[in-house]
Amino acid sequence: MRMLVEAVNKGKHTKKSHCYPPMNRDHRRIIHELAQVYGIESVSYDNEPKRNVVITAVKGKSICPSNTLTSVLDKEMQSRPAPPLPHYKQTDKSSGNSGLSKPLKEEPVIDYFDVQD
């Protein structure tokens, strides 16, 4: 999309369009949302499963955001906290174990072949 906007703003043409191949609803929604960020007109055509999106950049109306999508995603990934660690029962360090050994809840082992008559 960025290239489309740059091309229309630098060139002689007042409009420039791009037709995307057929895609599912979720992908089309992403295209429409990005088009809104860039100030680009977007329209879906045809019926499923051949439904596609055509975007049109208009000179003076379409703009390139100052941040790239990659830089926004990088910042977002850096600001997220690390995922939580699973809880483990700590054992006595004097026994030689490293501290992370067994899960908190141990299931009893059932021996079905230990039959006492």
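Let's start at helix H1, which spans residues 2-10 and in which Leu4, Val5 and Val8 are buried; buried means under 20% relative accessible area, exposed over 50%, and partly exposed in between, with a 1.4 Å probe and protein chains only. These residues cover an arc of only 95° around the axis, which puts them on the same side of H1; the arc is taken from the directions that run from the helix axis to the C-beta atoms. An α-helix has 3.6 residues a turn, so residues three or four places apart point the same way. Met3 and Lys10 are exposed, on the face of H1 turned away from its buried side. Helices (H or I, at least four residues) and strands (E, at least two) are DSSP runs, numbered from the N terminus.

A word on the model: it is predicted, so local features need pLDDT of at least 70 and side-chain atom pairs count only at pLDDT 80 or more, while totals for chains, interfaces and linings use all residues. Residues are numbered from 1 along each chain as its sequence is written, and side-chain values use heavy atoms, with hydrogens and water left out.

What lies over the buried side of H1? The cover of its buried residues includes strand S1 (15-19), helix H2 (25-38) and strand S3 (52-58). Take Leu4: leaving aside neighbours within four places in sequence, Leu4 is in contact (heavy atoms within 4.5 Å) with Lys16, Ser17, His18, Ile40, Ile55 and Ala57.

Now follow S3, where 7 of 7 residues are buried. Asn52, Val54, Thr56 and Val58 point one way from the strand, and Val53, Ile55 and Ala57 the other way. S3 runs antiparallel to S1, with 5 bridges joining the two, and antiparallel to S2 (residues 41-45), again through 5 bridges; strands pair if DSSP finds at least two bridges between them. Ile55 is the bridge partner of His18 and also of Ser42. S2 and S3 form a hairpin with 6 residues between them, and Asp46 in the turn has a positive phi of about 70°.

Asn52, also in S3, counts as buried because its relative accessibility is 9%. Beyond four places in sequence, its contacts include Cys19, Tyr20, Arg28, Val43 and Asp46.

Finally, which residues make up the largest nonpolar core? It has 12 residues in all, among them Leu4, Val5, Val8, Ile31, Val53, Ile55 and Ala57. H1, H2 and S3 are the elements that give two or more residues to this core. Such a core is a set of buried Ala, Val, Leu, Ile, Met, Phe, Trp, Tyr and Cys residues joined through side-chain atoms within 4.5 Å.
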